[in-house]
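This briefing concerns the structure shown below.

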Amino acid sequence: MGFDRLTKGFSGLRVLKEGLTGNKGWTPHWRDPAPKPEYDIIIIGGGGHGLATAHYLASQHGITNVAVLEKGYLGGGNVGRNTTIVRANYMLPGNSEFYSHSLKLWEGLEEDLNYNVMHSQRGIINLFHSDGQRDAYARRGNQMIAQGDDAILLDRAGVQKELPYLDFDQTRFPIYGGLYHKRGGTARHDAVAWGFARSADSRGVDLIQQCEVTGIDIENGAVRGVQTTRGAIRAKKIGIVVAGRSSQVAAMAGMRLPIESHILQAFVTEGLKPCIDHVVTYGSGHFYISQSDKGGLVFGGDLDMYSSYASRGNLPTAEHVVEAAMTLMPMIGKARMLRSWGGIMDMSPDGSPVIDRTHIDGLYVNCGWCYGGFKATPGSGHTFAHLLATDAPHPVAARHRLDRFRTGRGILDEEATGSQHNLH
Amino acid sequence: MRLPCPICGERDRREFYYQGAAVALNRPAPDADAAEWEDYVHLRDNQPGDLDELWSHDAGCGAWLVVTRNTVTHAVSGAKLVSEAAR
């Protein structure tokens with residue numbers, strides 16, 4: 001780390017210096033450039049995945065003549081509207097190695113970005129409630145260890161030691177134990193977007209906000225550029241990274257995607273003293289919870305399970321989530337719920353994402369993150385940047401093909417419910 | 001959200017099972033090619049606004065319905081029995 005990085009980037013010395021001089025030396029984290037007429041690569045979507053893609057294009061591939069086009073403000077989409085959980089506890093070939101790769105990127109992210117994304121490896125405990133579920137979790141834990149990640153199978157006493165506040169006497173779904181993934185945890189979602197944005201900008205990428213793409217120009221089966229609310233911009237390669245709006249943007253290129261948009265709600269209570277140290281998931285009740293660094297209990301459950309672009313949920317799902325919360329964790333009834341929100345999810349038929357080229361030359365899609373896009377942020381950006389730069393899929397994302405639904409080859413059936421829209 | 005079942009009247013969303021866009025009613029011919037089948041099974045228009053959907057009134061009369069619902073406002077503008085839906 002050179003002297004320049006100490007004085008211009010973030011460091012203890014810098015914080016001390018600014019603290020002593022009235023914090024007058026801090027500057028905006030990124031420029032506000034006007035769009036240039038042409039770029040090598042245009043990324044549509046300035047959310048977590050789009051900004052991560054720009055960062056890795058610049059830092060890993062030296063491609064900096066790049067624009068990120070965002071119709072609203074950076075990080076104002078799903079990355080600013082999720083429950084911040086980071087984990088790599090998969091057991092599905094394809095997704096397993098992808099999230100393992102992503103978690104390793106998380107572990108070096110703050111150093112890579114010189115930015116505090118508040119990545120907190122507080123550990124995730126997935127509770128199980130039957131013998132069969134214990135066997136399944138034991139198998140999952142073994143798979144996680146086999147792929148180089150971590151897992152500990154806790155028995156009931158082990159869970160009781162870590163999570164004494166759960167209702168262990170409940171008769172409907174008694175707690176048999178839990179699968180403890182210590183390297184899992186949370187990160188501060190806004191800071192993740194800002195850290196990637198600052199890094200991409202400092203390497204020369206143009207982050208262009210308030211710039212909505214209104215058309216994609218295609219000639220002879222190849223992209224030429226985009227039409228936007230700030231004029232036409234040419235590019236040979238265009239990446240669509242607009243979770244929740246993927247179908248709408250793809251339609252501008254005449255494409256239909258294997259996506260239905262659904263709402264996933266989340267909830268947060270008033271700020272409390274630290275009481276929940278881990279991320280906890282309820283294996284029988286579809287409920288998950290962690291405590292934010294501000295003290296609010298952040299939790300959620302299942303999708304609303306019907307198509308929606310409303311960015312808000314309906315009460316039956318809220319009721320279901322709160323019932324599960326009260327069954328598992330009666331103390332939560334003392335907390336006042338401050339707010340709830342809904343994010344628009346790109347639900348794919350098999351519950352897994354797509355990172356692939358399309359049949360149009362120079363057009364690439366990164367979509368279908370369903371309910372789990374946050375933990376993928378670095379991995380998604382890293383592998384999508386690789387695809388955009390080299391035209392070859394990154395080895396850990398090689399199975400995230402767009403044609404898997406047509407061919408049936410390599411379906412990544414996330415919940416083992418079948419590859420059908422209403423099941424995910 | 002409440003859905004107007006043509007047989008039972010307006011009922012709570014929780015009485016219904018959701019099957020997705022009503023494209024299921026446009027089943028291709030058995031000898032249709034792979035692209036048509038992919039289109040039917042997996043690909044969707046998925047644009048915000050009015051959408052024809054299949055809902056089953058599971059906890060009511062058990063009928064399958066085509067419900068026209070706005071995916072932005074959740075406002076329902078129509079519901080008819082699948083058996084009566086001219087498609």
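With which residue does Arg183(A) form a salt bridge? The partner is Asp149(A), the closest N and O atoms being 2.8 Å apart; a salt bridge here is a side-chain nitrogen of Lys or Arg within 4 Å of a carboxyl oxygen of Asp or Glu. This is a predicted model, in which local features need pLDDT of at least 70 and side-chain atom pairs count only at pLDDT 80 or more, while totals for chains, interfaces and linings use all residues. Residues are numbered from 1 along each chain as its sequence is written, chains are lettered from A and ligands numbered from 1 in the order in which they are written, and side-chain values use heavy atoms, with hydrogens and water left out.

**Salt bridges within chains**

- Arg183(A) lies in the loop between β6 (177–181) and β7 (185–186) of chain A, and Asp149(A) in the loop between α6 (131–146) and β5 (152–155), so the pair ties together parts that are 34 residues apart in sequence. Helices (H or I, at least four residues) and strands (E, at least two) are DSSP runs, numbered from the N terminus.
- Both Arg183(A) and Asp149(A) are buried (under 20% relative accessible area; exposed is over 50%, partly exposed in between; 1.4 Å probe, protein chains only).
- Glu107(A), Asp149(A), Asp150(A) and Arg183(A) are joined into one network by salt bridges that share partners.
- Arg14(A) and Glu18(A) form a salt bridge with closest N and O atoms 3.4 Å apart; the two residues are four apart in helix α2 (residues 12–20) of chain A, and therefore separated by about one helical turn.
- Arg14(A) is buried at 8% relative accessible area, and Glu18(A) is buried at 2%.
- In chain B, Arg11(B) and Glu15(B) meet in a salt bridge (3.2 Å, N to O).
- Over all chains, the count comes to 27 salt bridges.

**Interface of chain B and chain A**

- Contact (heavy atoms within 4.5 Å) involves 28 residues of chain B and 31 residues of chain A.
- Five salt bridges are found across this interface; Glu319(A) forms a salt bridge with Arg14(B), with closest N and O atoms 2.3 Å apart.
- On the side of chain B that touches chain A, the elements giving two or more residues are β3 (17–21), α1 (34–41) and β4 (50–56) of chain B.

**Surface of chain A**

- Val322(A), found in helix α10 (residues 315–328) of chain A, is partly exposed at 31% relative accessibility.
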